[in-house]
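Please look over the model below before reading on. Some questions and answers about it follow.

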Amino acid sequence: MRDPKEWANVPDNDYNAAGLGYITSKNVQIDPATKDLVFLMTKRDTPTSRGGVDRTHDTGYVRSRGVTDFYYGRFEWVARHTGVRGRDTGFFPALWLRPTDPKATRGEPDMIEYFGGKPDDQLLGSTLHFDNSTGDKVGERWLPDPGTENDWHRYTMDFLRDRVDFYYDGVLKLSSTREKVGVEKWDKAFPPGIPWGVIMNVDCGGGSSAYVDAPTADTAPRIEWRVKSFQYWAVSDGAYDLVRK
């Protein structure tokens, strides 16, 4: 992976409305030995109040908006985490897309989210949001194969004009089509031809978050979300062309 400050904007001293995370640039690092891009969720010595919420953990976040635009194609990451069951409540890493222009749509393809502390059948998930302000979405959650929770995994999303497919280690986990969803709804969520940005981050649950509970006393003080690689193939007339590695 390239240096995140070259690849993407890294917000500092920021936060998401939900959750207990406080975004800091120091929580996005390059491992000098492996060149992995490392996102950290780390417990703060002293919570900081932002948005009327005590932020108990520092988190990391990068995005391509303002640096690189992406369109229809195949997006693929190789990533792993160090969360341990029983000690990962609040850990909320993700790989996802948002439009380059935030006003263009409330649609959102989420390749993968890890819901730390949730039951086994709710641990990993892919979601296609048609309106992320109303909860209109389709999603699928699952448990990784036994013993593979902390392995490297390949996350692949085919984001196309008429369909979106999500793969986990080459296995199709969720598929949605424009025809099935409805043309008007689909085009409102995913307007044809607009540019999208890639987001890689780790967040912290709790607060008003409906997805992941707040960290507990048993949550590890440092949990990593590592991204080994990101690749993008543009698609035209059904043919894929590798343009980003």
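Reader: What is the source of the model, and which cut-offs apply to it?
Author: Residues are numbered from 1 along each chain as its sequence is written, and side-chain values use heavy atoms, with hydrogens and water left out. This is a predicted model, in which totals for chains, interfaces and linings use all residues, side-chain atom pairs count only at pLDDT 80 or more, and local features need pLDDT of at least 70.

Reader: How many helices and strands does the chain have?
Author: Helices (H or I, at least four residues) and strands (E, at least two) are DSSP runs, numbered from the N terminus. On that basis the secondary structure comes to 3 helices and 15 strands.

Reader: Which radius of gyration does the chain have, against that of a compact globule?
Author: The radius is taken over C-alpha atoms, and the globule rule is 2.2 Å times the number of residues to the power 0.38. For 245 residues the rule gives a value near 18 Å, and the chain agrees with it at 17 Å.

Reader: What percentage of the residues count as buried?
Author: Buried means under 20% relative accessible area, exposed over 50%, and partly exposed in between (1.4 Å probe, protein chains only). Of the 245 residues, the buried part is 49%.

Reader: Which residues touch the most other members of the largest nonpolar core?
Author: A nonpolar core is a set of buried Ala, Val, Leu, Ile, Met, Phe, Trp, Tyr and Cys residues joined through side-chain atoms within 4.5 Å. The largest has 44 residues, and those that touch the most other members are F75 and W77.

Reader: Which residues does F75 touch, not counting those up to four places away in sequence?
Author: Contact means heavy atoms within 4.5 Å. By that rule F75 touches, among others, L97, Y155 and M157. Its list also includes F70, F230 and Y232.

Reader: How are the rings of F70 and Y232 arranged?
Author: Rings of Phe, Tyr and Trp (its six-membered ring) pair if their centres lie within 6.5 Å; planes under 30 degrees apart count as stacked, over 60 as edge-to-face and the rest as tilted. By this rule there are 19 aromatic pairs. The centres of F70 and Y232 are 4.9 Å apart and their planes are at 85°, so the pair is edge-to-face.

Reader: Where do F70 and Y232 lie, and how many residues apart in sequence are the parts that the pair ties together?
Author: F70 counts as buried at 1% relative accessibility, and Y232 is buried at 5%. F70 lies in the loop between β4 (53-63) and β5 (73-81) and Y232 in strand β14, so the parts tied together are apart in sequence by 162 residues.

Reader: Is Y71 buried or partly exposed?
Author: Y71 is found in the loop between β4 and β5. Y71 touches F159, G193, I194, P195 and Y232, not counting residues up to four places away in sequence. Because its relative accessibility is 37%, Y71 counts as partly exposed.

Reader: Which residue in the turn between β14 and β15 has a positive phi?
Author: Two strands pair if DSSP finds at least two bridges between them. Strand β14 (residues 222-236) and strand β15 (residues 239-244) pair in the antiparallel sense over 5 bridges, and D241 in β15 is the bridge partner of A234. They form a hairpin with 2 residues between them, and the residue in the turn with a positive phi, of about 55°, is D237.
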